[in-house]
Structure formats: structure tokens, C-alpha cells
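This briefing is meant for someone meeting the structure for the first time.

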Amino acid sequence: MNASAAVAAAVVPAAGRGERLGPGAPKALRELGGVPLLVHAVRALARSRAVGLVVVAAPADGVAEVVALLDSHGLDGKDIRVVAGGATRQESVRLGLAAIPAEVEIVLVHDAARPLVPVEVVDAVAAAVRAGAGAVVPAVPLADTVKRVEPNPGRPEPVLDTPDRATLRAVQTPQGFDRTTLVGVHAKALAEEAAGAADAPPVTDDAGLVERYGGQVVVVPGHEEAFKVTRPLDLVLAEAVLARRRAADAY
């Protein structure tokens, strides 16, 4: 792998609204410590020497707004591009991929709603791909016992079994990929969609697409501070983490 190919590009799908945080601005534009989640997420990626380009997939009607937002927060140390995202996360990632120069062989995909991922996690994911892994996810062990249930929303749900917690991990981002692998699984998913294949189970991340089409995904250690800000309580926790970092001059 040559020097330019060894530098990763990162795609940040940020076109969704994030309704679980309540009405208002799209989730990626909600503020944490006075700064939008998206800005924190892009900064986290830009801090890594492994990342040379960050592509943000913004709402189709908000590209200019996101460009102005990133410019206003001084994010000019790295190559940062904004493209129009799609109606789904999968489509936004695909559109972000299309904006990455052909010579880049390592691609990271990061949730805008994970604003506090430490730089060492970004570095570890990129390094694992550089070492030959086709797909890499950072993950942490589960603290809680997990039950598999028969879904029955609004009513008591029968427990089917209790998986061994030692074999389970909670997956985070950025997820890392060999570019050929990621482009290939997105092309297969798009072809299935065009063919009207409706029986495939939903996939919530890009590593899930790799698994669906027979590829291997490996895990590297994640970090407890790389949690996803989805609910109002998550935002309270993120504010506490950010305040501690600022007090320690670590942010």
C-alpha cells in the first residue's frame, strides 16, 4: 500500500433527523457544550493522523448550512468536504464514498452522533485495516445481562433465552474498511434494492452489510466514551464527559 493509499478517508452520514432526541434541529446539529454534535465528530476524526479526508453527507437541502457551520468552527486543518446525503444512512454512506479520491484504499464510517470518540480508537481501527483486515469495528463488552425475547410491544414479552454475555460486544464507530470491500457490499445492497428483494433482514451498520455478503468482520477495543447520543439522557452524559475533558485540558 503506497503512502497516499495508507491514509484513510472518513465518511460521516449526517442527513438524518434523529427523532428520539425530540423535535427541533436534526440530531447532528444539536449542541454539546455549545458546539454541534457534528462538529465534535468531525474534530474527533480530524485529530487522527491516520485520517486525511473527512466527507460529511449532509441533508440534501442543508449542504450550504453545514459547509458554513464547519467553516465557522475553524475546521480547516484537514481536507473536509460536504456532499448531499440520501434518504437513508446506507444511501448517505454510498454518496460519501463516491466523493473519495480513487487512490484512497482505507475508508472509515463514523456516526455524527458519537461526538466524543477518542483519537486512539480512530487510530486503532485504521491501523487494523492497514494491517490487512477487510472490515473492522470498535466494540466494548456488555455490562448488563441480555435477554432475547419474543417482541410484543406494549405488553410483557416472553424470554426466549439468555445469551452468554462473554461472547457479546456493543459495537461503536468509526468502523473501518478496505475500500474495495465497502464499495462491493454497497453495490450488492443497491442491486438487491433495485430488484425488489424485501426478505433480507434490516442492516443497521456497514459492517452488517459485510457480514450479510459473507465477509469477515474483526473487533478492536472501543471506548466507553464513544457512546451514541440518541436520547436526551445521552446528551446529559455527554455534557458531563465534555466538562471533565475541558477541566483536564484534554479537549
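The lining of the largest cavity consists, by class, of 7 nonpolar residues, with no polar and no charged residues among them. The model is a predicted one, and the points below, grouped by topic, describe what was computed from it.

**The cavity**

- Rolling a probe the size of a water molecule over the atoms shows where empty space is left.
- The count comes to 1 cavity of 30 Å³ or more, and the volume of the largest cavity is about 30 Å³.
- The residues that line the largest cavity are Ala14, Pro26, Ala28, Leu29, Leu38, Pro59 and Val66.

**Helix H8**

- Helix H8 runs over residues 232-247, and because each of its 16 residues is taken at 1.5 Å, the helix should span 22 Å, which agrees with the 23 Å that separate its end C-alpha atoms.
- Within H8, the residues Asp234, Ala238, Val241, Leu242 and Arg245 are buried.
- An α-helix has 3.6 residues a turn, so residues three or four places apart point the same way.
- The elements that cover the buried residues of H8 include strand E2 (31-32) and helix H2 (37-46), whereas the face turned away from the buried side carries the exposed residues Leu233, Val236 and Ala247.

**Helix H4**

- In helix H4, which comprises residues 89-98, the buried residues include Ser92, Val93, Gly96 and Leu97.
- Those residues cover an arc of only 140 degrees around the axis, which puts them on the same side of H4.
- Among the elements that cover the buried residues of H4 are the strands E1 (8-13), E4 (51-58), E5 (79-84) and E6 (106-109), together with the helices H6 (179-194) and H7 (206-212).
- Glu91 is also found in helix H4, and it counts as partly exposed because its relative accessibility is 28%.
- Although Glu91 and Leu190 are 99 residues apart along the chain, their C-alpha atoms are separated by 8.8 Å.

**Backbone geometry**

- Most residues other than glycine have a negative phi, and most peptide bonds are trans.
- The peptide bond that joins Thr173 and Pro174 is cis, with omega about 10 degrees, and Pro174 is found in the loop between strand E10 (169-171) and strand E11 (175-178).
- Asp249, which follows H8, has a positive phi, near 55 degrees.

Technical notes
Residues numbered from 1 in each chain as written. Predicted model: local features only at pLDDT ≥ 70, side-chain atom pairs only at ≥ 80, totals over all residues. Heavy atoms only, no water. 1 Å grid on protein atoms, 1.4 Å probe; cavity = no way out; pocket = protein on both sides within 12 Å on 5 of 7 lines; lining within 4 Å. Points joined across faces, edges and corners; volume = space filled by probe spheres on them. Nonpolar A, V, L, I, M, F, W, Y, C, P; charged D, E, K, R; others polar. Helix = DSSP H or I, 4+ residues; strand = E, 2+ residues; numbered from the N terminus. Expected span 1.5 Å × (residues − 1). Buried < 20%, exposed > 50% of the residue type's maximum accessible area, 1.4 Å probe, protein only. Contact = heavy atoms within 4.5 Å. Arc of directions from axis to C-beta.
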